[in-house]
Amino acid sequence: MTDTPRSPWRLRDFRILFAAGALSHLAGNMGYVAIPLLAVTALGAGPGQAGALAALSTAAFLLVGLPAGVWVDRLPGRRVLVAADTARALLFASVPVAWWLDVLSLPQLYAVVLLNGCATVFFDIGSQSALPDLVGRERLVPANAALVSLMAGANIAGRGAGGFLVQLCTAPPAILVGAVAYLASALGLTRIGQRPAPAAAPAGRQGLRAETAAGLRHVLGSRELRALALTATLGNLGGQMINAVLPVLFTRELGLSAGALGAYWAAGGVGILLGAAVARRLAARLGHGRALGLAGLWFAPAALAVGLVGAGPWLWVAGAGWLAAMTKTGIDNVLGVTLRQHMTPDPLLGRMNATFRFLLTGALAVGSALGGLIGEVAGVRMAVWAGAVCMAGAFLPVFCSPVRRLRKLPGVVLSA
């Protein structure tokens with residue numbers, strides 16, 4: 001880690017945000033494995049119920065994602081992040097408590113994942129919107145690379161640890177560990193220097209609608225931002241169609257352990273880590289936009305190998321395909337996020353991020369429901385294949401857009 005004037009690691013607030021984000025991502029990824037496994041193995045959830053559980057975990061972005069961007073643009077960033085992590089800690093803690101009191105039910109898990117998703121809406125939008133202010137726009141590429149690497153590391157550690165903890169001591173203790181991590185993150189975030197809330201008109205119904213519409217127009221009115229949003233949305237849709245039914249496929253049809261499922265998902269984290277590690281060098285060699293386009297062409301079709309998932313060597317083949325597809329995601333998460341931050345004025349950052357999160361995480365909710373439906377009607381393997389085909393072609397909107405011709409990042413837009 002080089003300590004240069006352009007390095008975000010020189011900045012105390014960035015180091016705090018990074019450490020707190022590590023705990024939050026670790027907790028979320030442990031829950032990602034433990035909660036559906038608890039539903040399937042202890043509460044008898046089938047493919048449709050597993051799909052509904054996964055859909056509710058991301059449905060909050062459809063329900064409050066767009067107006068959340070307006071609120072994030074108006075509120076002090078630290079307060080938003082602390083409140084979000086505190087809420088997630090309490091929600092996760094309610095699951096083992098209910099389990100030990102023998103009152104846990106699927107409706108409670110549905111409520112927990114939905115409300116946890118609402119808190120995640122504010123945390124994700126708030127952290128991405130605060131980053132340019134914390135590090136300065138000249139440090140955005142290395143800062144985003146660090147945060148994407150963090151997310152990948154949390155995927156590896158959190159999902160791997162979640163699977164093995166469930167196997168070792170059942171799901172409720174694993175979820176409790178996640179609750180403690182969320183609480184530790186909230187405490188750490190209180191150390192970030194407080195910044196004043198942006199000046200804004202008093203919130204009114206018309207004002208909220210008008211400000212939300214401005215964020216939508218900014219994203220959907222730009223060919224570059226529109227292509228980035230569509231590619232990421234299709235990738236999320238296909239990936240979640242697969243992930244929604246994997247707990248059923250692994251535990252019931254293939255007879256594999258929770259640890260195997262956690263390890264498989266952790267392979268995706270390795271791919272994201274690799275993508276984040278090579279993103280800056282690809283951009284320097286090929287050009288920022290060309291690297292985005294070619295990375296999709298090189299890596300996205302490997303998602304088709306996921307459809308071959310099975311016991312023995314086919315698990316390794318599918319895992320390799322998943323790792324390659326997630327390598328593209330890691331590259332996109334560094335270069336694509338940096339590009340959209342550069343193309344957005346400061347007053348619109350929250351709403352731009354909210355629009356992307358609405359589309360991307362809304363696709364997760366739709367993909368979960370669709371994967372569960374296909375799993376019920378045509379079988380879980382057909383759901384996996386449908387998701388793999390969607391992921392394999394998701395790179396096309398960026399590849400066929402003006403993004404692929406961008407050699408350098410556009411000039412920084414500082415005001416609306």
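Q: How many aromatic pairs does a search of the whole structure find?
A: Seven aromatic pairs turn up across the structure.

Q: What makes the pair of F92 and Y182 edge-to-face?
A: Their ring centres are 5.2 Å apart and their planes meet at 80°, so the pair is edge-to-face. Rings of Phe, Tyr and Trp (its six-membered ring) pair if their centres lie within 6.5 Å; planes under 30 degrees apart are stacked, over 60 edge-to-face, the rest tilted.

Q: Why does the pair of F92 and Y182 tie together parts that are 90 residues apart in sequence?
A: F92 sits in helix α3 (residues 77–100) and Y182 in helix α6 (residues 171–189), so the pair joins parts 90 residues apart in sequence. F92 and Y182 are both buried.

Q: What makes the pair of F395 and F399 edge-to-face?
A: The centres of these two rings lie 5.8 Å apart, with planes at 75°, so this pair is edge-to-face.

The model is predicted: local features need pLDDT of at least 70 and side-chain atom pairs 80 or more, while totals for chains, interfaces and linings use all residues. Numbering runs from 1 along each chain as its sequence is written, and side-chain values use heavy atoms, without hydrogens or water.

Q: Why is F395 called buried?
A: Its relative accessible area is 10%, so F395 is buried. The cut-offs are under 20% for buried, over 50% for exposed and partly exposed in between (1.4 Å probe, protein chains only).

Q: Why is F399 called buried?
A: F399 has a relative accessible area of 18%, so F399 is buried too.

Q: What links W9, F14 and F18 into a cluster?
A: Ring pairs do: they connect W9, F14 and F18.

Q: Why does L304 count as partly exposed?
A: L304 has 37% relative accessibility, so it counts as partly exposed. L304 lies in the loop between α10 (288–299) and α11.

Q: Which residues form a nonpolar patch on the surface?
A: L304, L308, W314, V317, M382, W385 and V389 form it, with about 630 Å² of accessible area together. α11 (313–342) and α13 (380–392) each supply at least two of its residues. α13 gives the largest share, three residues.

Q: How does the reach of α13 compare with the expected 18 Å?
A: α13 has 13 residues and spans 19 Å from first C-alpha to last, close to the 18 Å expected at 1.5 Å a residue.

Q: Which residues are buried in α13?
A: V380, A383, V384, G387, A388, C390, M391 and A392 are buried there. The buried residues of α13 pack against α2 (47–74), α8 (223–253), α11 and α12 (349–378).

Terms used
Patches are made of residues with over 30% relative accessible area and no salt bridge: like charges are joined within 9 Å, nonpolar side chains (Val, Leu, Ile, Met, Phe, Trp, Tyr) within 5 Å. Accessible areas come from the Shrake-Rupley method with a 1.4 Å probe; for residues, only the protein chains shown count as cover. A salt bridge is a side-chain nitrogen of Lys or Arg within 4 Å of a carboxyl oxygen of Asp or Glu. Helices (H or I, at least four residues) and strands (E, at least two) are DSSP runs, numbered from the N terminus. The expected span of a helix is 1.5 Å times one less than its number of residues. Contact means heavy atoms within 4.5 Å.
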